[in-house]
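Student: I would like to learn how to read a protein model, feature by feature. Could you take me through one?

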Amino acid sequence: MPGIQTRVRRGPVRCSAVRALSPDDERRCDEAEELAATLLREARARMRPTERRRRRRIGVLVANDASRAFLLELTDQVLRIRTPRRAAARLAELVRTYPSPAMAGPADRLALRLAARLAPVAPGPVVALTSARLRRELAALVLPAEPAALRRHLNRRRAQGMRTNVNLLGEAVLGERQARERARHVLELLERPEVECISVKLSALYSQLDVLAYDQSLDEVRHRLRPILEAAARHDPAKLVNLDMEEYRDLHLTVDTFTSLLEEPQFSRLCAGVALQAYLPDSASVLGHLCEFARRRHARTGAPIRIRLVKGANLAMERVEAELRGWAQAPYPTKEEVDANYKRLLDLALEPRNAGALRVGVASHNLFDVAWALILDRETGGGRVEIEMLEGMAVAEAEAVSRVAGVVLLYAPVVRRGDFESAVAYLVRRFDENTEPENFLAHLAGIEPGSAAWEDQRLQFRRSVAD
């Protein structure tokens, strides 16, 4: 579309041949491509002007390294400084370093230059106004945790036919006082009537996780998570608690915490969820274990579990950890392998013997993957797959998918006012996930059915099915 900046490829388009598909997979691929094109066209046709403007901003952030660097430095080197004069002085230096950040429109660039001039004489107001402007800019991507604002947003999404999975952001938990505070805030969120689903990670509940003290860590995180599951179970219908996954070292501890708690009598009929990352080769065997657990539990109690399939969001940290220690990285080294494993996991989860025992959240903005999941769900009886997308990243596409799938679950980060800097760090990580030219979201601002970017994504999709 005119005026929308698209991603500049950092490497050549792959043109390798697609391995031969079975007749059934050939048919499914054809159907998925047609459905993906329909979803994209419908999203484009119904996109509101505010969404178009936000899409352009996101497109610039995804495509422009300098814009992401400016955003991160503004957060780390200005908003975290509690002395206004020092913060304002650093803001002025940043504006000199980045005089025209691509993410900022003409008015914002003028405001930044004016702020740099006024910083020495009015540091307090300059820093306050800068923070307020950044909050407004990111409001669609990270929701305020304050009750009235969050209630309005979640109720609006519900009226649009979309559910919301709330994830409370905050600084890394470094001590037990912080861990207790985070657990208290998670419980407060869960008790709000408009919140029906939350995500939480073990490292937010316990500051001393150590896989070398595995049994002790397992006992402690079960103790911390148990009140949250009890609060979810008290509601009618019960609310959904999802365990998020972080780095590879947390994989087995998270799964063991999940299964052992759901074996306890008070949770025998509770449906809870756990995330699995397709970029980890171990996820296939772990999913097999979870499927067996789900079938046994369902036969005994009638209650299902929920698996949230994601591709993985901590690749940068995994690479750094591996390089620092001289290890091979835990995740797959290529996106092609990740995409293939993602579909492999979906196949395993949707095996007929798991019907009734397992529900599957398919988290992706790739419309080919979304369409593929919906087609497989239809072929295996329907009602087992729920599509998930990030709040604010692709609203028009989420609305289009919800009209086909019935409902979409939006993964919505929320942040308390005092933790706003954590929201920006979270978003920069999300943008970094999608800067590689192979990623569908990197092209979303300008991709159209039949375009070169569309054809590239279509071939990648077919390769992943074949692989």
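This is a predicted model: local features need pLDDT of at least 70, side-chain atom pairs count only at pLDDT 80 or more; totals for chains, interfaces and linings use all residues.

Student: How many helices and strands does the protein chain have?

Tutor: Helices (H or I, at least four residues) and strands (E, at least two) are DSSP runs, numbered from the N terminus. Here the protein chain has 17 helices and nine strands.

Student: How compact is the protein chain for its length?

Tutor: One compares the radius of gyration, taken over C-alpha atoms, with the globule rule, which is 2.2 Å times the number of residues to the power 0.38. For 467 residues the rule gives 23 Å and the protein chain has 22 Å, so it is as compact as a globular protein of that length. Its C-alpha trace spans about 70 × 55 × 50 Å along the principal axes.

Student: What percentage of the residues is buried?

Tutor: Buried means under 20% relative accessible area, exposed means over 50%, and partly exposed lies in between, with a 1.4 Å probe and protein chains only. Of the 467 residues in the protein chain, 54% are buried.

Student: How do I check the length of a helix such as H7, and which of its residues are buried?

Tutor: The expected span of a helix is 1.5 Å times one less than its number of residues. Helix H7 (residues 147–159) has 13 residues and should span 18 Å, and its end C-alpha atoms are 18 Å apart, which agrees. Its buried residues are Leu150, His153, Leu154 and Arg157. Contact means heavy atoms within 4.5 Å, and the buried residues of H7 pack against elements including strand S2 (162–168), helix H8 (176–191) and strand S9 (408–415).

Student: How many residues of H10 are buried, and what covers them?

Tutor: In H10, nine of the 12 residues are buried, so this helix is largely enclosed by the rest of the structure. Among the buried ones are Leu251, Val255, Phe258 and Leu262. What covers them includes H9, S4, strand S5 (273–277), helix H11 (283–301) and strand S6 (305–310).

Student: Where is valine 286, and is it buried or exposed?

Tutor: Valine 286 is in helix H11, and at 5% relative accessibility it counts as buried. Leaving aside neighbours within four places in sequence, valine 286 is in contact with Leu251, His252, Val255 and Leu276. The C-alpha atoms of valine 286 and histidine 252 are separated by 8.1 Å, although the two are 34 residues apart along the chain.

Student: Which residues have the most contacts inside the largest nonpolar core?

Tutor: A nonpolar core is a set of buried Ala, Val, Leu, Ile, Met, Phe, Trp, Tyr and Cys residues joined through side-chain atoms within 4.5 Å. The largest one has 102 residues, and those with the most contacts inside it are Leu276, Ile307 and Leu346. Helix H14 (residues 367–379) gives the largest share of this core, nine residues. Apart from it lies another core, of 37 residues, among them Ile58, Val142, Val415 and Tyr426.

Student: Is arginine 19 buried or exposed, and what does it touch?

Tutor: Arginine 19 lies in the segment before H1 and is exposed, with a relative accessible area of 52%. Not counting residues up to four places away in sequence, arginine 19 touches Ala466 and Asp467.

Student: Which backbone details should I look for?

Tutor: Most residues other than glycine have a negative phi, and most peptide bonds are trans. In this model H7 is followed by glycine 161, whose phi is positive, near 85°. A cis peptide bond, with omega about 0°, joins aspartate 236 and proline 237, and proline 237 is found in the loop between helix H9 (214–234) and strand S4 (240–243).

Key. Residues are numbered from 1 along each chain as its sequence is written. Side-chain values use heavy atoms; hydrogens and water are left out.
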